[in-house]
Amino acid sequence: MNLATLLSQVPRVGPVYQKRLKNLRITSVRDLLFYFPRGYEDFSNITPIVNLKEGMSFCVRGKLLEIQEARTFRKRMSLTTGLVEDKTGAVRILWFNQPYLVTSLKQGDEVYLAGKVVRDKQGIFLGNPVQEKAQNSTFELTHLGRIVPVYAETSGVSSRWLRSIIKSVLVQLEGILETLPQEILKGKNFPAPQKALWQIHFPDSIKEAENSRNRFAFEELFHILLFILSERKKIASIKAPPIPLDTAVMSRFTKKLSFQLTDSQKKAAWQVLKDLEQPRPMNRLLEGDVGSGKTVVAAMAALSVAKAGYQTVFMAPTEILSQQHFKSVGALLSPFKLTVGLLTGSSDRFISPKLPNDSIEVSRTKLLKMALEGKVNLIIGTHALIQEKVRFGNLGLVIIDEQHRFGIKQRAKLLHRSTLIPHLLSLTATPIPRTLALTVYGDLDLSLIAELPKGRKEIITKVVAPEERKQTYSFIAKEVKAGRQVFVICPRIEKTEESGALEMKTVKEEHEKLSKEIFPKLNVGMLHGKMPKTEKEEVMRKFRMGKIHILVSTSVVEVGVDIPNASVMLIEGAERFGLAQLHQFRGRVGRAEHQSYCFLLTESSSSGILSRLRALSSAKNGFELAELDLKLRGVGSFTGTKQWGVPDFAMTQLTNLKLVEEAREAAKNLLEKDIALKKYPLLKARVQELRSNLHLE
Ligand code: ADP
Ligand code: MG
């Protein structure tokens, strides 16, 4: 039996259990052994029977003086009684509904029993204790008399069952090869893999168990980092076009702005522009909270690149956002006579240098031709379109907005399009822990916009109960009267069979209700992903111009949309959205000097949900929220890393900065000596495996 052996070939795992385990994603011996316990119970301390007291947890060891099926009352209920004795005394035992015990345990057997001491009229007794026959050595014990593993149980797979099966598999397992190189193991005090697996499931001490887990976490991180760093090395060995920094152009740009850049923006822009000067590809993440002004920094980078004669592609996550960037970045760059193109599913346009404030419709073929011939300085569009179709004559920079899962693979795709590899600038409002930045993000350089532009007021956030709905509507009416605009977010577009049953608010119904009943005198617009593209565009245009007062929308406006005049964000069914998502919604308002509000509507009265939503009122920025989310839901859920194919136990270690740094150091050193991993065939195979399995996209 080895790690690759399938469960169907493991004795005692029949078809029923195979199916149950499959639900836990366990199909091989490897999966089974890497299903680590969620905790341990220490049954290694034996309590003398004389010391037992009511209510006490115990593990006793003694001889069974009696065991018998006592009587069966109430039809199906069975009762087994017993008496156990050690050197210090004896105590009664009662088992309910475990009639099989009389066949497995016999009078005279030496046993371990554990549970809680209870009392009846006749005094204390052991009620329904867990039992296991004593053995000659602790090693032979599985459930009691030692530290035992406790697994996350699901229906039909108990810890007790898992313990027995894992133990028998461990006994039958052939030697596992060590993949960590000797020089890395030196000074680490890690147990060999097989011993580590034993210690994780059946530890001699909790410390040994932890050390063994660390071993595998380290190994997993080490493999991931070997893969990522070797990809990065490949990229770094390719040249990127150096973009000279023209400070005169940059100061002209900043002078034309209607505002002053914040210090953080200046610093971030400086880091980006200095990076671009290098003949190797920049790999930089620009991190800044919602509304901190990342777009203008990106525009400066694009300007610099254009002035050096290269092209920039700017990818946005949604079509609405592409349109917006096209307008705003186009306007920012208009004094510099650049050609800016927009490439989306519905309309392809460009701003020609002669028409700074107006755009003209062009055919897609023409725009693509211009891109290929290097005649358009900047192309803005959604990921999908740009990745598939566009060929650039002279690509210098790729900017990715709000899509932190873009990585190595996508860049590799762009690679074959040009002899030089473009620089990469990724914009995100999602705070990424340093550990993640070092691992899954592959060693990105980080620029931080740590402040919001001056004059922004804190957004007042409130959880609104159903009975306060009316009040909220009158508040909205007042805001609109004062000249402001409002977003209303609903979880669904329209009622479908499933969503109908769940009583979810829908865009269509709310639009109907708000425009006809609640605000008949106001202009209420509607926006969702199923509308034709031209219609969507028209709605956004009207909203931007202030012709629509209230926009009822799905999450299509979640990221990036910039309507500085909007001051109210009302979210229906707020409990259906994650904290990070709600924070993004909230970021749609408070983007200018107006006092802004975020109302979280929920029908739920569950205290868990309410306290999660209230967290949003107390956490003022994305960083605080991300930390909260991390605590509430774990690493994977908040960054979307669950889909990356990194094993769960390694995932939890991604928050362990020390371990991540150690693994990174080790991977770096090894690659310096042997970039192709010629001397390490096992590691090489593993890296190959990761190349095809990790979904870093
Ligand atoms: P995000 O970082 O969320 O992408 P944007 O780049 O969309 O933010 O900027 C949000 C708004 O703030 C825009 O309307 C932008 O013009 C404005 N803005 C950006 N920088 C400043 C600044 N330094 N002072 C005032 N307003 C700014
Ligand atoms: Mg943005």
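Is C490 buried or exposed, and why?

Reply: C490 counts as buried because its relative accessibility is 1%, where buried means under 20% relative accessible area, exposed over 50% and partly exposed in between (1.4 Å probe, protein chains only). This is a predicted model, in which local features need pLDDT of at least 70, side-chain atom pairs count only at pLDDT 80 or more, and totals for chains, interfaces and linings use all residues. Residues are numbered from 1 along each chain as its sequence is written, chains are lettered from A and ligands numbered from 1 in the order written, and side-chain values use heavy atoms, with hydrogens and water left out.

C598 is another buried cysteine, at 0% relative accessibility. The structure holds zero disulfides, a disulfide being a pair of cysteine sulfur atoms within 2.5 Å.

Next, the nonpolar cores. A nonpolar core is a set of buried Ala, Val, Leu, Ile, Met, Phe, Trp, Tyr and Cys residues joined through side-chain atoms within 4.5 Å. The largest one has 40 residues, and F253, L276, L303, F314, L378, L397 and L425 have the most contacts inside it. Elements giving two or more residues to this core include helix 8 (247–256), helix 9 (263–276), helix 10 (294–307) and strand 16 (423–428); helices (H or I, at least four residues) and strands (E, at least two) are DSSP runs numbered from the N terminus. Helix 10 supplies the largest share, ten residues. L425 touches V272, M282, A298 and L397, among others, leaving aside residues up to four places away in sequence; contact means heavy atoms within 4.5 Å. A second, separate core of 31 residues includes I548, V589, L610 and L613.

Last, the charged pairs. There are 25 salt bridges, each a side-chain nitrogen of Lys or Arg within 4 Å of a carboxyl oxygen of Asp or Glu. One joins E662 and K188 at 3.7 Å, N to O. This pair links distant parts of the chain, 474 residues apart: E662 is in helix 24 (657–673), and K188 is in the loop between helix 5 (182–185) and helix 6 (193–201). E662 counts as partly exposed because its relative accessibility is 26%, and K188 is partly exposed at 23%.

D263 and K266 form another salt bridge, with the closest N and O atoms 4.0 Å apart. These two residues lie in helix 9, three residues apart, about one turn of the helix. D263 is exposed at 56%, while K266 is partly exposed at 44%. E178, R215 and E219 are linked in a network of salt bridges.
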